[in-house]
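Student: Can we go through this one together? I'd like to see what stands behind each label.

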Amino acid sequence: MTKNRSAGWGMGALPRIVRGEGSYLFDAAGRRYLDGSGGPAAFSIGHGNREVNAAIAAQLARVACGYRYLFTSEPLEELTSLLLSLCGPAFGHIVYSGSGSEAVESALKVALQYWDARGLSTKKHFIARERSYHGNTLGALSVSGFLERRRPFEGSLLDVAFVSAANAYRPLRGLEGPALAQVLADELEGKIEALGAERVAAFIYEPVVGAAGGAVPAPAGYARAVEAVCARHGVLVIADEVMCGSGRCGTWRALEHDGVVPDILAVGKGLAGGYIPLAATIMSRTLGDTILAAHGAILSGHTYSGHTTACVAALAVQRIVQREGLLSRVHARGAALLKELRRALEPFAEVGDVRGRGYFIGIEFVRDRSSRAPLPPERAFSQALAKRAFEDGLIIYPCAGHVGGTAGDTVIVAPPYNASDAELAELVQKLTHALERTLAAG
Ligand SMILES: Cc1ncc(COP(=O)(O)O)c(C=O)c1O
């Protein structure tokens, strides 16, 4: 029996997973899947890593978790100092949680608490971008510009102001590069002025958009331009790097690429590489110090915040990333993978764009390359392609709806940082084959 009717998950019949090894997963029928997207870009160093598993087992044998208000622990302290050193000297405090949504939720709350600590308690509003996803809890969903995921909850979400997506393939007014970045920054500035800077707490965005667009880096100059606007108006910048951070783009922080330091950073997914759920909200020293001086504590946390064994897992994963030089590998090999995918997919008229950064690559499909018109939504092309790839033993991540909320098809390719050259070649070959089959099926 390999198919499990997992009605409790609402996902129909799925193969039953039994094992993972490196870049591969195996189901109960013995089928092998190349993990070409880490599920949603989560499994940063692949599966079944013995060193990580041994570290987790050793910690469990000692104690699973020391409750955060009673104990500190060596793993918690080591992970905190490692993450702060990876993020850079501006950062000084971390709130741990178990998921990206909670990390974003904490980021929003930290921004509010900071302004309250400064006596500026009218600063309660957030500005976010259209075509974005920040998580599934009510606060994180409120700042998400993701029509389908918001729809059933409209009316109960926070009142958030939205500005345009920063998408060079689908740009505002056909603009390119720095001109596009400037227009988008001007739009943000106009929105802050319209709301009144004294009412705006923070602007939140994904430096490289994940599920809501299919690995979309902002146009060159964008991050610096919005940073300048926010600084001018006393608005905090929250970078949601849950999907694109923790090394996925070839630098530990995705915004390192742009030379930009946000006030608050949310990370998750690749942080502990899927071995144990762990996410973190990392804030500037100034923010954390101000809050602690005024209130004595950052009022965002959970029973299992900083769970000892989760910290051990993250520490083991991050040490492997460091020791094996995986950030430089992702940086250099990612650029080559992008070229290889472009070359392999060029013959397909339906491939409109192949873009991304590091091991975070999006492939967008269109009806017509010159007009960039999307495929008809009823064709559900990205889902069909991901399904065929899965049948062929390749995991990729389908995204839809970034054009007008319902149309637009992309898939994300996001392999483990330590995937071998042969595995990356297999990824390209299997994806090409799955695309041929999907197009042939009409
Ligand atoms: C950019 C971004 N932020 C937040 C989240 C929410 O993370 P989680 O699903 O771990 O709650 C996601 C999940 O895909 C994401 O891509």
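This is a predicted model: local features need pLDDT of at least 70, side-chain atom pairs count only at pLDDT 80 or more; totals for chains, interfaces and linings use all residues.

Tutor: Residues are numbered from 1 along each chain as its sequence is written.

Student: Why is Ala202 called buried?

Tutor: A residue is buried if 20 or more other C-beta atoms lie within 10 Å of its own, exposed if 12 or fewer, and partly exposed in between, with C-beta atoms placed from the backbone. Ala202 has 25 C-beta neighbours inside 10 Å, so Ala202 counts as buried.

Student: And what makes Leu195 partly exposed?

Tutor: Leu195 has 15 other C-beta atoms within 10 Å, and therefore counts as partly exposed.

Student: Which residues is Ala202 in contact with, leaving aside neighbours within four places in sequence?

Tutor: Contact means that the C-beta atoms of two residues, placed from the backbone, lie within 7 Å. For Ala202 that gives Ala111, Phe126, Val235, Leu236, Val237 and Ile238. Leu195, not counting residues up to four places away in sequence, touches His125, Ala161 and Val200.

Student: Where are Ala202 and Leu195 found?

Tutor: Ala202 is in strand E9 (residues 200–205), and Leu195 is in helix H7. Those names are DSSP runs numbered from the N terminus: helices are H or I with at least four residues, strands are E with at least two.

Student: How do you know that E9 and E12 pair?

Tutor: Two strands pair if DSSP finds at least two bridges between them. E9 and E12 have four bridges, in the parallel sense, and Ile204 stands opposite Ile238 in E12. E12 also pairs with strand E13 (residues 264–267), again in the parallel sense, over three bridges. There Ile238 stands opposite Ile264 in E13.

Student: What makes E12 largely enclosed?

Tutor: Five of the five residues of E12 are buried, so the rest of the structure largely encloses E12. Both faces are covered: Leu236, Ile238 and Asp240 are buried on one side, Val237 and Ala239 on the other.

Student: Which residues of H8 are buried, and what covers them?

Tutor: The buried ones are Tyr222, Ala223, Ala225, Val226, Glu227, Val229 and Cys230. Their cover includes helix H7 (177–195), E9 and strand E12 (236–240). Following H8 is Gly234, with a positive phi near 65°.

Student: Why are E3 and E18 called edge strands?

Tutor: They belong to an open sheet of four strands, ordered E3-E4-E5-E18, with mixed pairing. Strand E3 (17–21) and strand E18 (394–395) each pair on one side only. E3 and E4 run antiparallel and are joined by four bridges, with Ile17 opposite Asp27 in E4. In their hairpin, which has two residues between the strands, Gly22 takes a positive phi near 60°. Strand E4 (residues 24–27) and strand E5 (residues 32–35) are antiparallel too, over three bridges, and Leu25 stands opposite Tyr33 in E5.

Student: What are the domains?

Tutor: The bounds come from an automatic or database domain assignment. That assignment gives domain 1 (3–48 + 325–440) and domain 2 (54–323). The contact between them takes 32 residues from domain 1 and 31 residues from domain 2. On the side of domain 1 that touches domain 2, H11 gives the largest share, five residues. By class, that side has 17 nonpolar, 10 polar and five charged residues. Ala, Val, Leu, Ile, Met, Phe, Trp, Tyr, Cys and Pro count as nonpolar, Asp, Glu, Lys and Arg as charged, and the others, Gly among them, as polar.

Student: How do the residues around the ligand divide by class?

Tutor: Six are nonpolar, eight polar and two charged. Of the 16 residues around the ligand, Ser99, Gly100, Ser101, Val242 and Met243 come nearest; a residue is near a molecule if its C-beta atom, placed from the backbone, lies within 6 Å of it. Helix H4 (residues 100–117) gives the most to this shell, with three residues.
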